[in-house]
Amino acid sequence: MSVTAPQGFRAAGVVAGLKANGGRDVALVVNDGPSRAAAGVFTRNRVRAAPVEWTEQVLKGGRLRAVVLNSGGANACTGAPGFQDTHATAEAVAEALEDSAGEVAVCSTGLIGVRLPMEVLLPGVGKAAAELSRGDGGLAAADAIRTTDTVAKIAFRQGEGGYRIGAMAKGAGMLAPSLATMLCVITTDADLPAEALDRALRAATAVTLDRLDTDGCMSTNDTVLLLASGAAGVVPGEEEFTALVTDVCADLTRQLLVDAEGASKAIAIEVVGAASEDDAVTVGRSIARNDLLKCAIHGEDPNWGRVLSAVGTTDAVFEPDRINVAINGVWVCRNGSSGDDRDRVDLRPRDVTITVDLSAGSASATIWTTDLTAEYVHENSAYST
């Protein structure tokens, strides 16, 4: 049900020794073809990890034979030596597969600013190559990329004609990306060229993974890759394929949301009546990043004033006296002032929906976030140790 569900893919997840807890920490996903078409989207943080720089260069050719991923270290802010380590990792995969390093993507996650122990990582790559399989390999790989994730995150869909899409992702903190979120590998046995994969991936992530904004922090390592083996021999329509990839990404987005660090609430911020989709996204992100509101939701307080305060910090088109806000279906704010009795709002469930009607147009967007908890603060204050 993961990246090995489509035909033509093998995977592995092994213990190399990068993680102090002794868990799996190196994953390998291999595309056995016949096609090697691939696409990717990456963080838009200007401080980018060496694996991001490497993989973006590799993908200019539109082909990938393999993806190697490690947890236990981000290899970010490590200078030229860190890029050399990434190159060496790709070379190790290429040697094991008797292939070219120029078609090997590299992804890393973990603590920023520390070089990876290559004497540990490279033997782990060899071990992963020796354990590649279609059976349990996908689940092992999904487990190996976890850092603070409490569970592995996988998704699977089947399209018309029998082609499949499988996926795995990791991410529980620093979830405020542009174009991607943390690490994610999507595989398919459909037969599509790299250009079509790129269009589908960008369309899918733009309305799913890109709109997950749990803590306002953008990672240096965010990478989402889509690989096609063509092994099913099915050439799906691009619209159908994009819809299915979007569904897979939406599934992963939900999994990332409910496993976010320390969260007790999963919050959907629906912005409607916006003058443009960009306005709706801007307003949604502002609300999602408002710590006072996130604290209020954690305390099960329907404090709609904090919603309006967040909206007012944006450059979106709206009139303050025309904004309406509903929390879990109760319109607590009407026309910029008090609405229905806020005591009617039930914030006990884990899922919370905040709807903001800007009354400025017909565009809409949804941003997903979480509450701000003492557990989140504790986990991130102790993370580096």
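Select Cys184. At 2% relative accessibility, this residue is buried (buried means under 20% relative accessible area, exposed over 50%, partly exposed in between, with a 1.4 Å probe and protein chains only). This is a predicted model: local features need pLDDT of at least 70, side-chain atom pairs count only at pLDDT 80 or more, and totals for chains, interfaces and linings use all residues. Residues are numbered from 1 along each chain as its sequence is written, and side-chain values use heavy atoms, with hydrogens and water left out.

**The cysteines**

Which cysteine sulfur is closest to that of Cys184? It is the one in Cys249, 5.8 Å away, too far for a bond. A disulfide is a covalent bond between the sulfur atoms of two cysteines. The cut-off used here is a pair of cysteine sulfur atoms within 2.5 Å. Searching the whole structure turns up 0 disulfides.

**The five-stranded sheet**

Next, colour the strands. Helices (H or I, at least four residues) and strands (E, at least two) are DSSP runs, numbered from the N terminus. Find the open sheet of 5 strands, ordered β3-β9-β8-β7-β6, with mixed pairing. Two strands pair if DSSP finds at least two bridges between them. The edges are β3 (37–42) and β6 (153–158), each pairing on one side only. From one strand to the next, the twist averages 10°. For such angles, axes are lines fitted to C-alpha atoms, for helices over the stretch in contact, and angles run from 0 to 180 degrees between N-to-C directions.

Zoom in on β3 and β9 (residues 223–228). They pair in the antiparallel sense, over 6 bridges. Pick Ala37: opposite stands Ala228, in β9.

Now show helix α5 (residues 194–206). Helix α5 lies across β3, β8 (183–188) and β9. Its direction is at about 30° to β3. Contact means heavy atoms within 4.5 Å.

**Backbone stops**

Go to the loop between β2 (26–31) and β3, where Pro34 lies. The peptide bond from Gly33 to Pro34 is cis, with omega near 20°.

Move to Asn75, in the loop between β4 (66–70) and α2 (79–97). Phi of Asn75 is positive, about 50°, although the residue is not a glycine. Is Asn75 buried or exposed? It is buried, with a relative accessible area of 1%.

Then jump to Glu300, in the loop between α8 (291–298) and α9 (304–311). Glu300 also has a positive phi, near 60°, and is not a glycine. Glu300 is partly exposed, at 38% relative accessible area.

**The whole chain**

Zoom out. How many helices and strands does the protein chain have? There are 10 helices and 15 strands. The radius of gyration is 21 Å, close to the 21 Å that the globule rule gives for 385 residues, so the chain is as compact as a globular protein of that length. That radius is taken over C-alpha atoms, and the rule is 2.2 Å times the number of residues to the power 0.38. Along the principal axes, the C-alpha atoms fill a box of roughly 65 × 50 × 35 Å.

Of the 385 residues, 57% count as buried. Among contacts between residues at least 6 apart in sequence, 79% join residues at least 24 apart.
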